[in-house]
Amino acid sequence: NSATPNLKVSPNNRIWEVQFDREFTRPLDSRYIRFFQEDGTDVHRIDVAISPNVIYPRESSGRTLRILSSYPLSRSNSYYILLDSGVVLSKESVGIESVAVNDPNFWHVNISKMEVAPRFGNVLGGTPIVVTVEEDCLQEDYEIMCSFAGKSTEGVYVDSRRAVCPSPPMRRTGYVPFDFSVSNGTTTIYHGGSRYQALNLEEMSDITVMNNKKEKTVLLKGGDTVNIMWSPEIVPHFDAGSYRVDVTIHIQDLQSGEWMKYEHLVENVSNSGKLDNIKLPAFNNLPSNVSSVIPIALQVAARLDGARLKSKRQTTFPAIYAKWSLTLYIQTDFKVSCEEWFNSEDPSIGNRLLQQLPPCPRTLAQANLVNSGFDKDNMHPLFLEFFHSKSQVCFRQRNVRFGSPGQECCYDNDGNLKFGSPNGGNVDKVAPVNQFLSPDHFVQDIAPFIYCCKISSARPDCQRFYQRRPSDDGSRYNPPQPACVYGDPHLVTLDGYKYTFNGKGEYLLIETDDGS
């Protein structure tokens with residue numbers, strides 16, 4: 001007895017849901033959910049009895065059936081969806097079957113293009129995501145929701161075809177599903193799906209921080225005076241001069257990895273894009289077990305209120321839209337000397353890590369090969385200069401498991417491998433894997449480098465760091481051999497994989513279209 005669920009969806013929509021009026025279970029016999037084109041052509045069907053893409057609720061109180069469809073919808077067609085009787089069975093003892101949906105006009109779907117820009121954002125959240133639909137289907141009093149891998153944020157109406165949603169904080173970098181839905185309170189008007197990529201701070205930073213010498217830097221001290229600059233446009237399609245901003249310090253918990261708000265630097269100031277002579281706190285109220293170097297990030301967040309919203313439904317701005325700085329390293333009063341760290345490490349750790357990890361390619365050309373076993377580390381230029389001064393680029397070992405050691409190789413402007421103190425690449429006791437700043441990587445590798453090579457004024461201290469986290473000099477490196485075929489027939493692929501292949505017929509071994 002529900003309203004007819006006619007709606008618009010994007011061509012790449014893959015999720016469909018049906019809500020029932022009681023608890024239910026999966027039938028034992030074949031029952032189908034059927035997709036038809038407007039002309040009656042049966043284009044796709046799913047057997048709910050056996051398909052893993054029809055998800056029945058696990059909770060005893062669940063009443064929603066979820067359907068994951070891989071059928072590609074065409075913008076040139078409209079569709080309707082029919083349900084066989086008994087696609088669900090009531091959990092009551094009599095096993096009542098759900099009624100069939102046989103009316104082509106009941107669940108009718110129009111395909112409407114959806115654009116998402118940008119498709120990426122800061123892993124800490126606050127990136128404005130503008131969603132544009134092809135037809136006029138948005139209204140000022142509609143509920144607008146965006147979902148990022150299940151984390152929902154409420155969007156804001158811009159006009160009949162556009163809305164803006166903020167990205168939420170994510171635990172890790174990488175791609176996640178993105179869903180956009182519009183509802184009038186009882187019925188879904190539009191639904192679309194896409195992908196969203198969470199990027200780390202180094203790839204998405206849009207705040208510049210300068211020390212009192214007017215230098216861009218990533219290492220500061222508690223109590224330092226800084227200048228902060230950002231682009232005033234924080235929320236697209238809203239006048240940047242009409243709202244004010246807060247500037248907040250966030251610190252990372254080095255046990256959980258979570259970023260937490262620590263302190264407001266300034267509140268409710270003009271969105272001018274610049275703040276001069278802002279004094280950082282002393283960071284004296286941190287727990288006593290905190291490292292003498294801590295990672296922080298600055299956030300500039302828009303202050304918006306209902307008066308500036310076009311939505312008739314919202315009275316306050318529903319979520320945070322913000323810009324973020326790079327990760328900054330703050331030297332606190334809790335001193336840990338390089339010598340203390342050096343003495344706490346097993347003297348054999350450096351050699352053991354070197355022998356455990358693959359050697360570095362000796363040249364940049366070798367590191368760039370697809371089968372080198374290394375990937376380019378796209379670190380921010382400030383970080384490249386801070387950790388590996390005068391390096392052109394660094395590479396990290398490919399396919400490292402979370403929490404495991406990893407190899408780092410850096411190359412100078414001539415393409416030669418750099419190794420040794422004070423700025424060569426080095427092995428990591430805990431390599432960063434798909435995470436913008438792994439707490440263990442920071443504690444085990446980054447903080448000791450800062451103790452020994454940046455805070456300490458004694459040059460031998462940096463050499464101590466490289467004794468425990470040494471550079472590989474490339475002497476063990478053997479360039480990968482070309483692919484080959486031998487015997488009857490044995491193959492070695494470009495990535496060194498060996499196997500025997502006894503197929504009958506003609507097969508393509510390798511192909512290139514770029515002249516290489």
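Good morning. I begin with a charge over a ring: Arg45 lies over the face of Tyr32, 5.6 Å from the ring centre. The criterion requires NZ of Lys or CZ of Arg within 6 Å of the ring centre and within 35 degrees of the ring normal. Likewise, the charged end of Lys454 sits over the ring of Phe386, at 4.7 Å from its centre.

The model is predicted, with local features needing pLDDT of at least 70 and side-chain atom pairs counting only at pLDDT 80 or more, while totals for chains, interfaces and linings use all residues. Residues are numbered from 1 along each chain as its sequence is written, and side-chain values use heavy atoms, leaving out hydrogens and water.

Phe386 also belongs to one aromatic cluster, together with Tyr329, Trp341, Phe383, Phe387, Phe442, Phe449, Phe465 and Tyr466.

Across the whole structure, the search finds 24 aromatic pairs. Rings of Phe, Tyr and Trp (its six-membered ring) pair if their centres lie within 6.5 Å; planes under 30 degrees apart are stacked, over 60 edge-to-face, and the rest tilted. Trp16 and Trp107 are edge-to-face, because their centres are 6.2 Å apart and their planes stand at 75°. Trp16 is buried at 6% relative accessible area, and Trp107 is buried at 8%; buried means under 20%, exposed over 50%, and partly exposed in between (1.4 Å probe, protein chains only).

Phe36 and Tyr80, by contrast, are stacked, with 5.1 Å between centres and 5° between planes. Phe36 is buried, at 12% relative accessible area, and Tyr80 also counts as buried, at 10% relative accessibility.

Thank you.
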